[in-house]
Amino acid sequence: LSATAEIPKEDGRPKWDNKFQYILSCIGFAVGLGNVWRFPYLCQIHGGGAFLIPYFIALLFEGIPLLHLELALGQFLRKGSIGAWNTISPYLGGVGMGSWVVSILVSLYYNTVLTWVMWYFINSFQEPLPWSVCPLNENRTGFNEECYESTSVNYFWYRKTLNITPDIAESGTLQWWLILCLATCWAIVYLCTIRGIETTGKAIYVTAIFPYLVLTIFLIQGLTLPGATDGLIYLFTPNLNTLKNPRVWLDAATQIFFSLSLAFGGLIAFASYNPTKNDCEKDAVTVAIVNSMTSLYASIPVFSVLGFKATTAYWDCLDRNIISIINEFDLPEESIMRKNYTSWISFLNSSYPEKIAGLKLKSCNLQEFLDQSVSGTGLAFIVFTQAIILMPGSQAWAILFFIMLFSLGLSSMFGNIEGVFTPLLELRIISKSAPKELLSGIICLISFLIALCFTLGSGSYWIDIFDRYAGSVPLLVIAFFEVIGVAYIYKIKRFSKDVEWMTGRKLNLYWHITWRFISPLLLLIVFMAFVTLQMQKPPSYTAWNPKYEGFPMKEEKVYPPWVQAICVLLAALPCVCVPLVALFHRVKQKRRSKDPSLVPPEVFSCQGPNS
Amino acid sequence: DAQNAFKVRISIKTALGDNAYAWDANEEYLFKAMVAFAMRRYSSKSTTQISNVLLCNVTDRVSFWFVVTDSSKNVTTVPGSEVEAAIRMNRNRINSAFLLSDKTLQFLKITSTLSPPVEPSTPVWLIVFGVVLCLIVAGIIFLIVSGIQKHKKKNKESTERENLEEKVEVTLENGIPCEALDLKAGHINGIFAADDERFTSL
């Protein structure tokens, strides 16, 4: 019989097939939908190229240190988030619990966004694209009223996809088509995470690399579109005055933080499957830089396409005016072109001012069209889909675009699900003999059933709530406790020795300074600023109400009190885990110390990775 | 006159681009002929002549007004509703005579019935959805089955290994199999036992 392997810590834990898989998984987790639809928007509204300054400062002092911390922690302790924090100190076990709860909440709503992407994807195979034409009304004399007053793209999104209700209190009915797509999405997630990293490791090769291919294709296509250069110039022209606004710095800090998917526990889980002698420092820097570069790279095609859309809208506006003028004055066709429009207008205005005023011409301004900035689902499902209709070969572009969004979101989902799956595996909820497939199946099934409430008519309002409250404040709190926990409770000296043992070289002074002082301080400031800004006005939302006077503008509404209570609950639930668990352990310890018959167990487990 | 007259607006360049023809007297003649044709088809009486259709106010746009007169009834104009119905019925033919469409050959008071967009019997998206779902379910079943097979193989292997180990299990003492030892020689230490005389007797 051959001797067993020499590594004394052979514990049967699954591991990555190779280092590339691990790096790719981390990158896939970090690079998500936000890189495509939030970063370009922020760049645009915060002074173009000038935004990169606070962005890179935040990356340097907040993003990279926190990322390194999580990766080093997971790699050294070789446990998921709950186990790892319990090992650091049972009083800090709540931090792991909090991460776990946040991962669950985010997985629920994130997959519903992917459901929408899938719905658009399977609808892209039609000719003409269903969001390009308005359906007719009943007596076939004109178009459907709701569609006619807004645009066909808006109609397809709000009516045909979401079937949205005018108010969050009205739940509406379950939309069967969304349920089908939701089931498919969870089935895909189950397929890819069925055996943990064994299967996600294979799937990640596709889902992490494919978006880059599509972005490149869109880049090439986007740059050839007319008006693309206007969009790009508009995006990147730096306006340094915006840096005086503290809002810009806050947005940069929060963007870096959420973009790197910190405090979810997923990164800790990924790193825990690594061999311990791995250079986590280099990994952290690589992942952070690739994430930021991807954001920049993605904003180029996004803005080329937006510039193209603005230019086309501007040309449409001009053309409409030209037609009305030609019809009114009975001038020959093509006498007024876009080039000589302004001269004609001034001539006509001076000679026939009443007639011109009677025409009620809209003033066409390219800047105004470029200024219409959207982020989030509006960018992908309304603005971009409209731009795709205008491109030749729209089906192919639509299919490519939605597959890209789906891969981006799916690779982030892997990280979220790992953040839920790994701690559960370690807590031995299911007996060891039961296969892993069962646990992942149960997780996916339960999540699917809970996520059914997002397919109601009011579903998208609830997703906004989850995004704003469950996916923002708790993460800041958890990250803050993470840094404080490692720096002051576990003690930096001990941690730097562990990291030295793993990477084989001494920790740079940069890490000491950022972990001890800068990152916690920055997180505290960001948290305070974030909360203050949220508290300044009562939480409100914009509703799509066809009966509103200002339709097609969205109606501004305030959340009813019961919804506000749910918002607070969502934000507080993960955060409250931290003090609760600490309190629980304190009470347990007090009771043990009072009862001398009980042998006090080791409260602070000083063992390293083998515990 | 305005009640029974209709304004027509034609956009040839928009419709045909480079193949646009010029609007001249011949085209006007064709137009009059088409309107007369429409009136004849609609009212099924062959009394309408081309001369009954009057055009006026032709501009460069190209736009003009036209009325249809009724020669049998003392040069009065045919009521607008009749003209409208006639044109509506034959809109297709009129459009194709000029290689134009409803948008480029506009009769300003006559609304056209819009054709509904083509809808296939099974919505296309259901088909695509079915394909995607089948692939995924096939993948899941494959992975689960291969997982169960691997599990069974591992169980079989581990029970086989246990059986093998039982056969090979030999009593070990200090890492050395007992058969190799000469028991007596192992238990009794020769060095100490040999020199009996050196021990003091009790």
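Polar contacts between chain A and chain B come to three residue pairs in this predicted model. On the chain A side, α6 (93–123), α9 (176–193), α10 (197–224) and α14 (280–329) each put in at least two of the residues that touch chain B. The top contributor here is α9(A), with nine residues.

As for salt bridges, the count between the two chains is one. That one joins A:Glu198 to B:Lys150, with 3.7 Å between the closest N and O atoms.

Taken as a whole, the contact draws on 32 residues from chain A and 31 residues from chain B. Together the two chains bury about 2,800 Å², and carbon and sulfur atoms account for 67% of that area. Three residues stand out on the chain A side: A:Ile122, A:Asp330 and A:Glu333 provide 22% of the area chain A buries against chain B, more than any other three residues.

Turning to chain B itself, an unreviewed UniProt entry lists residues 124–148 as a "transmembrane region". In the model, this stretch of chain B is 100% helix and 0% strand, and its end C-alpha atoms sit 37 Å apart.

Back in chain A, there is a bit of strand pairing to look at. Strand β1 (residues 540–543) runs antiparallel to β2(A), and the two are joined over four bridges. Within that pairing, A:Ser540 has A:Val558 of β2(A) as its bridge partner. Side chains along β2 (residues 555–558) of chain A alternate.

Note on methods:
Residues are numbered from 1 along each chain as its sequence is written. Chains are lettered from A and ligands numbered from 1 in the order in which they are written. This is a predicted model: local features need pLDDT of at least 70, side-chain atom pairs count only at pLDDT 80 or more; totals for chains, interfaces and linings use all residues. Side-chain values use heavy atoms; hydrogens and water are left out. UniProt positions are given in the numbering used here, feature names are shortened, and annotations may be inferred rather than shown by experiment. Buried means under 20% relative accessible area, exposed over 50%, partly exposed in between (1.4 Å probe, protein chains only). Two strands pair if DSSP finds at least two bridges between them. Contact means heavy atoms within 4.5 Å. Buried area is the accessible area (1.4 Å probe) that two parts lose on being put together, summed over both. A salt bridge is a side-chain nitrogen of Lys or Arg within 4 Å of a carboxyl oxygen of Asp or Glu. A polar contact is a pair of N or O atoms within 3.5 Å; within protein, one must be able to donate a hydrogen and the other to accept it, and residues adjacent in sequence count only if both atoms are side-chain atoms.
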